Amino acid sequence: MRNGFKNQLSKLGGLSVLRGGFEVLILRVCGVLFLFGITVFLTNFYPAEEVGAYEFTRSALFLIGGFTILGTDQSILFFSGRFSKKEQLGALFKVYFKMVLLLLAGSIVLLILAWNIPDSVYESIFNDETSGTLILKAAACLFFYAITLLNTEFFRGFALHQKSELYRGIFKQLPFGLGLLILFLLREQQYVVEVFLLSYFVLAIISSIEVFFQYKKRVQRHVQNLQIPIKTVLKATIPIAISALGFYLLISIDVFFLKRYTDFETLAYYGTSIKIIFLISTVVNTISSFIAVKIANLYAIDRQKLQALVKNGVRVIVILTTVLSVFLMLFSKPILHIFGNAYEQANSALLILIFGHFLSSLFGITQVYLNMTKKQVALQYILIFAVFLNALLNFLLIPEYGMEGAAIASALSVIFWNLLAALWVYKKDNIKLFLH
């Protein structure tokens with residue numbers, strides 16, 4: 001098996017390229033493990049109700065933030081490729097500053113909307129008075145959250161992959177972890193949500209300072225003066241934003257439905273199982289992004305080599321996710337026990353999620369393939385359909401089965417959209433994205 005794994009890796013590219021890809025994977029895994037460490041501390045030393053409020057706010061920030069970001073965190077990579085020459089970097093920073101203005105405007109609009117929704121509406125949706133307040137707090141933090149994500153990807157545009165991954169993982173969690181420790185020492189555990197949101201303010205400031213230094217370092221005073229209309233920026237960001245919103249909805253809907261029909265404690269248990277599953281998606285996303293550029297290149301010039309690349313990429317993903325999924329299933333209860341005795345209640349939900357995400361990994365790289373071969377519109381339709389399916393399943397299953405119902409809805413949705421996308425690509429391009 002070991003030799004077979006090495007053979008699959010060797011077919012994906014040269015050793016130097018592979019080393020870079022797996023350095024990124026290692027940093028991402030370290031970021032996930034760091035998040036696990038913080039979560040273990042949080043679940044063992046903070047009341048489950050406070051943990052659930054944090055999970056709810058986190059999901060709300062991701063979802064509302066998807067509207068604010070407008071795909072800028074991904075489209076900045078497109079502009080980085082377009083203005084890659086040294087004399088064009090001034091134009092790239094012009095795009096960046098226009099994106100910052102878009103994020104500011106979007107954040108203000110959404111904050112005003114959230115502020116003007118009557119409390120009675122929040123109470124009728126979530127069956128409590130607290131959820132509306134948490135959403136308002138998340139809305140107040142939107143700009144700093146969006147800037148952090150934009151800056152993280154902007155570093156990647158300068159080939160600063162390690163720095164980008166450090167911000168994505170360890171740096172993003174560090175202020176929150178330190179804040180939790182301080183709250184615990186001061187015995188003020190009720191401010192978990194505030195510390196979580198404040199951490200994005202810190203990250204936005206620090207990462208923006210680094211971007212400024214990159215600007216001073218790289219942009220020459222006398223460069224060609226390229227004008228970048230805001231319309232050009234929107235044209236690149238909006239299609240990506242629609243797909244991104246689909247993904248944010250898929251990872252958030254179950255949390256909101258679960259909160260409506262249960263409580264913050266149940267949300268804490270379920271949210272922990274979601275973090276464990278994040279290990280599987282980290283493997284899939286990292287290997288997929290590693291071969292993304294090659295997919296785009298080969299799609300235009302050599303479909304046979306493209307099929308070989310995809311085939312070996314999916315095999316690497318399946319090998320890694322199989323080992324990880326088997327380990328997680330065998331030790332699901334001991335792993336949950338690390339977070340606290342009460343968190344073992346999420347064991348059935350965790351097993352369902354593991355199985356569902358493992359099956360979806362058999363299709364490996366559907367999202368990246370569709371994005372890299374200019375099939376974003378098809379991806380948008382598939383995700384929209386998956387979101388409606390997910391919402392319907394959550395509505396039907398959660399009132400009866402609670403956490404397990406949310407897990408079934410999530411698992412079926414992720415399998416559905418990956419399977420549908422793989423079948424559509426096979427019919428359209430005659431390329432097999434599934435394991436074979």
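Modeller: A salt bridge is a side-chain nitrogen of Lys or Arg within 4 Å of a carboxyl oxygen of Asp or Glu. Side chains of opposite charge can pair when their charged atoms come close. This is a predicted model, in which local features need pLDDT of at least 70 and side-chain atom pairs count only at pLDDT 80 or more, while totals for chains, interfaces and linings use all residues. Residues are numbered from 1 along each chain as its sequence is written, and side-chain values use heavy atoms, with hydrogens and water left out.

Biologist: How many salt bridges does a search of the whole structure find?

Modeller: The search finds seven. One of them joins Lys 375 to Asp 429, with the closest N and O atoms 2.8 Å apart. The partners are 54 residues apart: Lys 375 is in the loop between α18 (366-372) and α19 (376-401), and Asp 429 is in helix α20 (residues 403-429). Helices here are DSSP runs (H or I, at least four residues), numbered from the N terminus.

Biologist: Is Lys 375 buried or exposed?

Modeller: Buried means under 20% relative accessible area, exposed over 50%, and partly exposed in between (1.4 Å probe, protein chains only). Lys 375 counts as buried because its relative accessibility is 8%; Asp 429, at 12%, is buried as well.

Conventions. Helix = DSSP H or I, 4+ residues; strand = E, 2+ residues; numbered from the N terminus.
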